[in-house]
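Reader: Please go through this model term by term. I would like each label set against its cut-off.

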Amino acid sequence: MIVVMEKGATQQQIDHMIERVENIGLKAHVIVGTERTVIAAIGEKREQMKESLESGSGVSEVVPILAPYKVASREVKPEPTRVCAGSLEVGAGKIGMIAGPCSVESEEQLLSTARAVKAAGATALRGGAFKPRTSPYSFQGMKEDGLKLLAAAREETGLAVVTEVVSTDDVDLVAHYADVLQVGARNMQNYRLLEAVGKVARPVLLKRGASATMDELLLAAEYILNEGNPNVMLCERGIRTFEAHTRFTLPLATVPYLHHKTHLPVVVDPSHGTGHTYLIPDMAAAAVAAGADGLILEVHPDPENALSDGYQSLTFSEFESTMRRCRKIATALDKEL
Ligand code: PEP
Ligand code: MN
């Protein structure tokens, strides 16, 4: 249920309602909007609860939340959420551009990429230090040494660092170095990991599982929100279909769909979504046109010799021209990139 407070409700009235929600055994999530404050009361519904809460002073109305996800739903928070982490701003009119290599490979590779994407206008640096690879024989990432290089790249360029955490055991370590924790497609339904990242003070980039539905993605986000971390970005990165001409199928209708259902910002990953360098500039532009709040793009100084995902990595100059193109579309939509 949502307890909608009256426009001029006092802090005392709000605090009183939080207490009442908690006293009847529900969890209270307070969302302070520009217009009014609402308290999402999460938990099992019982008889008379609605009537009892509605009698509270300063309460405008108590309405049920129809969506299976609660805190993530638009019903609870009609205004879009903007997630910020240092140089990265995503949502509510700001488009974030997260760019960098699939994997951190060396100081030279990472720093040269960080400088190039920063010069072209990226607002965050990506790079995997812990890699969830399909084969155990593939490069697994530089682990903490990779995290240290990411932190050094931030130090030099000022770019916020986005990097993946693959295990609950590593959450504190990755959070120590990173600005944004990425939960990858393979872990979207690793509920213990979602709870763990929900407990740390770092925004989370939650990637859609390759065969996850929209409801499953939103319920995965709900796990993070339910632990008290409000800074979740959803990421459409393509799904598995019968089609084989691309690595995954990148459905861009999910962007406006998600905007309809949730206040959380939506990032698109055309690199994993297509798996082919030559398709990425067009799909990045299309994602911005569809309303994406951010893009995450793989960029490498020498894609041919990359240790992972070289076939879907842009060169520096390809990134620069993609960035310019996306910016024009953002401007046409009155957004900032
Ligand atoms: C990545 O971004 O490097 C990655 C592994 O992506 P995904 O989880 O979407 O496969
Ligand atoms: Mn990759």
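Author: Two strands count as paired if DSSP finds at least two bridges between them. Strands (E, at least two residues) and helices (H or I, at least four) are DSSP runs, numbered from the N terminus. The model is predicted: local features need pLDDT of at least 70 and side-chain atom pairs pLDDT 80 or more, while totals for chains, interfaces and linings use all residues. Residues are numbered from 1 along each chain as its sequence is written, chains are lettered from A and ligands numbered from 1 in the order written, and side-chain values use heavy atoms, without hydrogens and water.

Reader: What is the order of the 4 strands in the open sheet?

Author: The order is β2-β3-β1-β4, with antiparallel pairing. β2 (27–32) and β4 (59–63) are the edge strands, since each pairs on one side only.

Reader: What makes β1 and β4 a pair?

Author: The rule asks for at least two bridges, and strand β1 (residues 2–5) has 4 with β4, in the antiparallel sense. In one of these places, isoleucine 2 has valine 63 of β4 as its bridge partner. Helix α1 (residues 11–23) packs on this sheet, touching β1, β2, β3 (37–42) and β4 (contact means heavy atoms within 4.5 Å). The direction of α1 makes about 5 degrees with that of β3, where axes are lines fitted to C-alpha atoms, for helices over the stretch in contact, and angles run from 0 to 180 degrees between N-to-C directions.

Reader: How do you know which atoms are donors to the manganese ion (ligand 2)?

Author: Donors are N, O and S atoms within 2.8 Å of the metal (3.2 Å for Na, K and Ca). Cys102 (SG), His272 (NE2), Glu298 (OE) and Asp309 (OD) lie at 2.0 to 2.4 Å, so they qualify. Cysteine 102 sits in the loop between β7 (96–100) and α3 (107–120), and glutamate 298 in strand β14 (residues 294–298), 196 residues apart. Water is not among the atoms, so sites may look incomplete.

Reader: Why is cysteine 102 called buried?

Author: Buried means under 20% relative accessible area, exposed over 50%, and partly exposed in between (1.4 Å probe, protein chains only). Cysteine 102 has 3%, so the label is buried. Glutamate 298, at 1%, is buried too. By contrast, aspartate 334 has 71% and is therefore exposed.

Reader: What makes β14 mostly covered?

Author: In β14, 5 of 5 residues are buried. Gly294, Ile296 and Glu298 are on one side, Leu295 and Leu297 on the other. β14 pairs in the parallel sense with β7 over 5 bridges and with strand β13 (residues 266–268) over 2.

Reader: How many residues does the largest nonpolar core have?

Author: A nonpolar core is a set of buried Ala, Val, Leu, Ile, Met, Phe, Trp, Tyr and Cys residues joined through side-chain atoms within 4.5 Å. The largest one has 79 residues. Helix α7 (residues 214–226) gives the most to this core, with 7 residues. A second, separate core has 16 residues, including Met1 and Ile39.

Reader: Why are tyrosine 191 and tyrosine 223 called stacked?

Author: Rings of Phe, Tyr and Trp (its six-membered ring) pair if their centres lie within 6.5 Å; planes under 30 degrees apart count as stacked, over 60 as edge-to-face and the rest as tilted. The ring centres of tyrosine 191 and tyrosine 223 are 4.5 Å apart and the planes at 25 degrees, so the pair is stacked. Tyrosine 191 lies in helix α6 (residues 191–198) and tyrosine 223 in helix α7, so the pair ties together parts 32 residues apart in sequence.
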